[in-house]
Amino acid sequence: MGKRNRIIIINLPQLQNLIKRDPPSYRDDFLQQYRHLESQLAIFKLKPDEEAEEFGSLITFISQVAQCYPKETSNFPNQLINLLSEQHQILNPNLRKSIVKDLILLRNKDIIPSNTLLSLFFTLFRVHDKQLRDLIYTHIISDIKKSNVKHKNNKLNKTLQNFMYTILQSTNDNNYNNNNNNNNNNNNDNKINIFGGSSSSSSSSGMNENAMAAKKSLDICIELYKKGIWNDAKTVNVIAEACFHSVTKIKVTAIKFFLGFNNQEEDEEDDEEDNNDDGKNLSDMKKLYHVNQINKSKRSNLKKLKKLEKTISVIGKKDKKKNKPESFNFSALHLINDPQGFSEKMFSFLQKPTNNDRFEVKLMTMNFISRMIGIHKLILLNFYSYLIRYIQPHQRDVTMVLVIIAQASHGLVPPDVLEPVIKAITNNFVSDHCSNGVMAAGLNAIREICVRQPLAIDATLLQDLTEYRSDRDKSVMMAARSLIGLFREINPELLKKKDRGKLASMTMKEFIPLKFGQQIIADKVEGIELLEEYKQKMQEVENEWEGWEILSNSTSEDDDEGWIDVSSDEDHDIVINNYCSDDEKDEEKEKKEKIDEQDNNSDKNDSMKIEEEKKPSTLAMTNLLTPADFAKLNELKMEHKTELMVNGSKRKRSIIQPEEHSDIVNVNTIIGPRKKAKQDYEERVESIKAGREGREKFGHKSKKVEGASTTNREKKKRKAFMMVVHKNVLKKKKLSLRDKQIRLTKGNKKRKR
């Protein structure tokens, strides 16, 4: 019996296979191994830092066959959970990892509930084992995703969100208290150092462990939000709370989430993969299959098989992306509770004298605050005066500072607050002692601010800036002209008369600029009358041709009914009503011309009256406008504008609101156009090959024609050597002395080489 037991212990995988096939027959063997596990567990608790390979193999064996004996193994998961929760810092890394894998296996078999296991795994994030943390991280995300597949598991989601919030809050409070204690005990530490004692500060291992757990919890929240599993306001506010964390890494992760850095990095990685794999299509796959069948060498076959598998996986990913439905979610910035209070709190943290964050972190915080101000139209007046200190050409990342200023501007910001900002940009960026790139950035920044708040600049400063429209540098000239083009639409009165343009100068009398705080509530779609006229014309054309096919078909079918037979004797009785003499035709033409002139004059007068008393269009009220209608509306508006420019006819333009703009400003809009970078050799070769596509090969045309004769040079090459020797000798005799010297020196150099 002992011999058999020893064999079974050594061959646990074999016993595992037998139990899965026939559980009742091997129940006694299983109970024997389970009792052996309990005895090993009692011994292991005395020395929990040992490797204990046999103990680990027993745990794996029991977890593999636990579903076959549910009553006997009812206490087994709790034993493993208690062991990990009590001894997770002391356990051997390999044993700890195997126990975690066994618990994941039991969870996949629905033996352990999700709440108990996930709460344990969140505490295991404190362990200094990166591989273990990654394993737990992937399992938590997949487990929450599975539990929310059919319907939202609100009970589980709320408990986990509250647990993550407490982890973030507790770590933040602990770090704050530790920092205060360290600051208060600095004097005592210095005294100990003076007297030669060891001034070891309080160990920060606990703080680091808690910070690691908080960081992983935050990463899980962000990943679940991006996957659309936790896309509610509670998750967003849990992440928003991490923006005030004392640990810089956690704070930066939360701010990056709101700024969309993770999405941009993923899009760039996807674009790189797509660019690298553009040439891998179905034809390449067929070639690889064919090559694998022909080649017999093992190494080449292995390499090509790996390449083939990679191409198949890439094409599968592309197909999934094409078939993936689009998800339309609110931006995370819109789901933050109390945006005004949140922004004020962020700004107060930024202004603290104890804030020792790096400049990159401060810049990200300023960018986050500016986006909150721009999206929610917040009032934070001290923020603009705070940014003035960074408006210097030598400032690091100054273009990002200009972007932040533009994003924080909107129509409800008082112009008196933005005027010092624009003056600082003008004095430091737009002057003759600055370089062209700096001037273009300054002008573009002023334009972006004025797009959002047109009252932030006065006429004198604007007219000074528009003088750069004739600058030699293209970027400066384009920036100044874009500023002119903006104010032609929103307020042409501030421009000089020569800069207003034809259309703006024609409508100056009817123009009424917007005042501070004034907004236009659009009661109709702009230019909807043009679309209505276009649809009426199309309807008239359809009505004219309506029934034409029916009539033509009826005439072709009923030939006997459509024609009337007339005998030759009755020709003299036929009367043609349309017949008239030439003199009568001339008289009728003159009468028609006079009537048309009168009608045209009356139509012009009527059209003038109608324009004044024209009723608003009801097309948008009665019909649903499709995307094709809006596209046609944009075309009609452009055509109408060009007609006004050409014909010079006037159009009513009482109030014009600022042009639409996005909440996020791109850095490239501030930098402006730049000269094209010099291409390297590979890029030049690619551009040359792209230019040769679809072009005939270079060469003489006679070579491409079948049966064409060869040239004299080709015939000379094909001649026998003895027929051409005397010609070469004669040519050498006719050489001058200088040519002979050159040939001699070249020959000597070749010999030396």
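Q: Is R447 buried or exposed?
A: In this predicted model, where local features need pLDDT of at least 70, side-chain atom pairs count only at pLDDT 80 or more, and totals for chains, interfaces and linings use all residues, R447 is buried at a relative accessible area of 14%. Buried stands for under 20% relative accessible area, exposed for over 50%, and partly exposed for what lies in between, with a 1.4 Å probe and protein chains only. Residues are numbered from 1 along each chain as its sequence is written, and side-chain values use heavy atoms, with hydrogens and water left out.

Q: And which residue does R447 pair with?
A: R447 forms a salt bridge with E448, the closest N and O atoms being 2.9 Å apart, where a salt bridge is a side-chain nitrogen of Lys or Arg within 4 Å of a carboxyl oxygen of Asp or Glu. E448 is buried as well, with a relative accessible area of 11%.

Q: How many salt bridges are there by that rule?
A: The count comes to 15 salt bridges.

Q: What about D143, which residue is its salt-bridge partner?
A: The partner of D143 is R107, with the closest N and O atoms 3.3 Å apart. R107 belongs to helix 6 (residues 93–108) and D143 to helix 8, so the pair ties together parts that are 36 residues apart in sequence. Both R107 and D143 are buried. Helices here are DSSP runs of H or I with at least four residues, strands are runs of E with at least two, and they are numbered from the N terminus.

Q: How far does helix 8 reach?
A: Helix 8 (residues 130–147) has 18 residues and reaches 26 Å from its first C-alpha to its last, which is close to the 26 Å expected at 1.5 Å a residue; the expected span is 1.5 Å times one less than the number of residues. Its buried residues are L132, R133, I136, Y137, H139, I140, I141, D143 and I144.

Q: Where is K251, and what does it meet?
A: The side chains of K251 and D357 meet in a salt bridge at 2.5 Å, N to O. This pair links distant parts of the chain, with K251 in helix 13 (residues 248–259) and D357 in the loop between helix 17 (339–351) and helix 18 (359–376), 106 residues apart. K251 is buried at a relative accessible area of 14%, and D357 is buried at 17%.
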